Amino acid sequence: MNSFQFNFQRYLETKRSVDDRALNRYVWNALADHIARTPHRPLKLLEVGAGIGTMIQRAWEWGLVENAVYTALDLDLANLRYAQRALEKWAQRNRIQFQKQAGHYHFQQGQRSLRVEFLAADAFAPGQSPLRSGVFDGVIAHAVMDLVNPEAGLSALMSYVRPGGWLYLTLNFDGSTQFLPPLTPDLDAQIIALYHQSMDERRFHGLPTGGSATGRALLVLGPMLGLDLVAVGASDWVVSPRRGEYQPGEADFLRSILHFVEDSLGQQALIAPTALSDWLAIRREQISQHELVFIAHQLDFLFCVPE
């Protein structure tokens with residue numbers, strides 16, 4: 001029996017360590033170098049799909065931001081409220097000075113300063129976004145672009161960036177999922193193919209999303225839309241037990257992935273329910289026994305908007 005109760009904010013929490021390992025450091029370092037060459041401060045940054053604020057913490061902890069104004073935008077107000085609570089606790093743990101000031105949060109540590117503004121809105125709604133055009137030095141979209149139409153999404157994000165600014169687009173799924181060890185090869189392949197198909201059938205604002213081929217789509221579309229490709233690299237999720245155990249929280253991350261598979265395939269009704277339920281039961285037991293390995297292939301990008 002599956003006693004796991006899926007919670008989206010908890011899922012975002014559990015994938016922090018998975019994302020930390022996955023993010024391509026070559027692309028990250030290219031972004032850091034680009035920011036270091038930006039003369040004016042504070043930087044004006046926009047994160048689309050900011051979730052519970054983990055990229056804000058990462059940007060501070062990994063030294064990406066020194067003096068910045070950061071707009072954290074998400075469709076879901078519940079995510080942003082969770083982010084606010086999480087950031088308060090994070091600041092306390094790390095002895096970062098923290099103030100709430102008229103609708104934004106201000107973090108200070110020595111000479112480092114980060115002002116975070118929270119906005120519940122849709123950056124991709126045609127003609128309805130509250131964001132101003134051409135005002136940001138850079139835009140971050142972390143695990144977002146496979147949920148929107150790649151061409152329309154890129155065009156929208158480009159519109160928010162000043163000439164010479166950048167787009168940092170991470171964890172863009174690109175067509176490969178593996179659950180190991182194999183069970184029945186034909187059934188494994190069928191379930192993965194149907195899972196990818198469910199991604200390809202999604203629509204957002206009436207348009208098809210990038211789905212299971214988002215990475216390769218962005219690789220082609222960026223230059224077509226006039227962006228300069230500065231850096232690209234793989235950012236695969238790899239979750240595997242180490243010395244017989246998963247890292248803290250990552251068993252629940254895997255359970256969340258199986259929840260997505262079950263939810264997607266259950267809606268399709270293209271596979272026998274008993275076959276799917278049996279497969280899920282075995283995979284969940286593998287998690288309990290610290291045996292399941294999960295791999296998903298993704299790509300990170302750094303694009304620059306020409307001067």
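Predicted model: local features only at pLDDT ≥ 70, side-chain atom pairs only at ≥ 80, totals over all residues.

Reader: How do the axes of helix 4 and helix 5 run, roughly parallel or roughly perpendicular?

Author: Helix 4 covers residues 54–61, and its axis comes within 10 Å of that of helix 5. The two axes cross at roughly 25°. Angles under 35 degrees count as roughly parallel, so helix 4 and helix 5 are roughly parallel.

Reader: And how many nonpolar residues does the contact of helix 4 with helix 5 have?

Author: On the helix 4 side you've got Ile56, Gln57, Trp60 and Glu61, which meet Ala86, Leu87 and Trp90 in helix 5. By class, that contact has one polar residue, one charged residue and, to get to your number, five nonpolar.

Reader: Let's stay with helix 5: is Leu80 buried or exposed?

Author: Leu80 lies in helix 5, which spans residues 77–93. Leaving aside neighbours within four places in sequence, Leu80 is in contact with Gly51, Ala72, Asp74, Phe118, Leu119 and Ala120. Its relative accessible area is 2%. The cut-off is under 20%, so Leu80 is buried.

Reader: Now for helix 7 and helix 10: how many charged residues are in their contact?

Author: The axes of helix 7 (residues 185–200) and helix 10 (residues 273–288) come within 11 Å and cross at roughly 100°, which makes the pair roughly perpendicular. Leu187, Asp188 and Ile191 in helix 7 meet Ala275, Leu276, Trp279 and Arg283 in helix 10. Sorted by class, the residues of this contact are five nonpolar, no polar and, for your answer, two charged.

Terms used: Residues numbered from 1 in each chain as written. Heavy atoms only, no water. Axes fitted to C-alpha atoms, helices over the stretch in contact; angles between N-to-C directions. Helix = DSSP H or I, 4+ residues; strand = E, 2+ residues; numbered from the N terminus. Parallel < 35°, antiparallel > 145°, perpendicular 65-115°, else oblique. Contact = heavy atoms within 4.5 Å. Nonpolar A, V, L, I, M, F, W, Y, C, P; charged D, E, K, R; others polar. Buried < 20%, exposed > 50% of the residue type's maximum accessible area, 1.4 Å probe, protein only.
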